[in-house]
Amino acid sequence: MNIDKIFKLAKGFYGRSKNCKSLARERVEKGLEYNYVSRKLKKRDFRQFWIQRINAGSRIHGLTYNDFSRGLTASDVQINRKILSELAVSEPYSFKSLVDHSKNILSHLHKNTYSPKEI
Amino acid sequence: MNRIIGSNLMKSTSSILVRNQSIAPIKSFSTTPIINSSQVSEEDYNTKNSFKPIEESFAVVHISGKQFKVIKGDIIMTDRINVDVGEHIVLDKVLLVGTKSQTMIGTPLVENVKVHAYIEEQPKTEHVTIFKHKPRKNYKRTTGFQALATYIRIGDIIQK
C-alpha cells in the first residue's frame, strides 16, 4: 500500500504512529492483520452471543437451551440462532409460543434423544 | 417410518441427516424466490391467487442462505438476486409468521404464506481491505473485496 493510504488509515493513532512513515506503516499493517482475523472471529463470537440470549430467554419459560433446540430440531423448525435471539428480545409472545411448541415435542421424545417414545 | 430432518435450507440433499421419526414428511422447496414475470401488481397477484394480506404482522423469511425478520416497509440487504431494479418478486420461504393474536410456526415452512418484495437497488457492499502478512518471511499481500448485494423493500405479508 502506498504511504498516502497508510496515513489515511493512521488518522487518530497515538503518538508518532499517526505522522511518522515507518511507525505508521507498522501500526496500520498490524491493524489490518487484526481486521483479517476479526472477520473470522465475528461469526464465532456472534453465534456464542446468540446462544446466550436464547438460553436466557428459554430459561424464563423453564427450558434450557439444550432442550429447547432439541425440540425445535426434532420438529424440523429451521429458524437460525440469529433470528431466535432477535425474537427472544423483541417478540416475547412469539418466542414463548416457540418454547411451548418445543415443550410439546419434547413430551413425545424418548429421554434425551431425537427419537420418539417407545410404545 | 423414516423422516428426514435437520436438512439445511441452502444445501443440497447430500447433507441431510436421517433420524427415525414419525411426524410429517419434509417439504421440498426451491432456492430462489418466485419472480413475478407477468408484471402483475401486488393486488392483482393477491386476487388472482386468492391471497389476503395479514395486517400488523412480522415474518421470518429465508433469502439466499440467510434469514431475516421483516415487517411491511422494511428495506433489507441480501446477497445479489439477479432480477432487474424495480421488479416485483414473491418470497415463498416463510419460516414463521407472528401477528397480534397468534404465531404460526413452520416445520420448516409455513404453508400458504408468502411475502411481497421489490428490488430497490443492486449495489456493492462496503470495500474490505484484505491484508495478509507472515512475519520474518517477507510475505505481504494486499487485495480488496466487495460483495454483490441487493436491497429489497418488503411489501405485504399474504395468506391464502
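Let's start with salt bridges. How many does the rule find across the interface of chain B and chain A? Two: the rule finds 2 salt bridges there. Keep in mind that this is a predicted model. In one salt bridge, the side chains of K140(B) and E29(A) meet, at 3.1 Å from N to O.

Polar contacts next. Across this interface, 8 residue pairs are in polar contact, both residues at pLDDT 80 or more. Which elements of chain B supply the side that touches chain A? Those giving two or more residues are β1, β2, β5, β6, β9, β10, β12 and β13 of chain B. The largest share, 6 residues, comes from β12(B). By class, that side has 15 nonpolar, 13 polar and 5 charged residues.

Now the extent of the interface. In contact are 33 residues of chain B and 28 residues of chain A. The two chains bury about 2,600 Å² between them. Of that, 56% is on carbon and sulfur atoms. In chain B, three residues lose the most area to chain A: Q67(B), K69(B) and F131(B). Together they account for 24% of what that side buries.

Last, the aromatics. Over all chains, the structure holds 3 aromatic pairs. One of them joins F46(A) and F49(A), edge-to-face. Their centres are 6.3 Å apart, with 80 degrees between the planes. Where do these two sit in chain A? Both are in helix α2, residues 21-60. They are 3 residues apart, so about one helical turn separates them. F46(A) is partly exposed, at 40% relative accessible area. F49(A) is partly exposed too, at 34%. Ring pairs also bring in W50(A), linking F46(A), F49(A) and W50(A) into a cluster.

Technical notes: Residues are numbered from 1 along each chain as its sequence is written. Chains are lettered from A and ligands numbered from 1 in the order in which they are written. This is a predicted model: local features need pLDDT of at least 70, side-chain atom pairs count only at pLDDT 80 or more; totals for chains, interfaces and linings use all residues. Side-chain values use heavy atoms; hydrogens and water are left out. Contact means heavy atoms within 4.5 Å. Buried area is the accessible area (1.4 Å probe) that two parts lose on being put together, summed over both. A salt bridge is a side-chain nitrogen of Lys or Arg within 4 Å of a carboxyl oxygen of Asp or Glu. A polar contact is a pair of N or O atoms within 3.5 Å; within protein, one must be able to donate a hydrogen and the other to accept it, and residues adjacent in sequence count only if both atoms are side-chain atoms. Helices (H or I, at least four residues) and strands (E, at least two) are DSSP runs, numbered from the N terminus. Ala, Val, Leu, Ile, Met, Phe, Trp, Tyr, Cys and Pro count as nonpolar, Asp, Glu, Lys and Arg as charged, and the others, Gly among them, as polar. Rings of Phe, Tyr and Trp (its six-membered ring) pair if their centres lie within 6.5 Å; planes under 30 degrees apart count as stacked, over 60 as edge-to-face and the rest as tilted. Buried means under 20% relative accessible area, exposed over 50%, partly exposed in between (1.4 Å probe, protein chains only).
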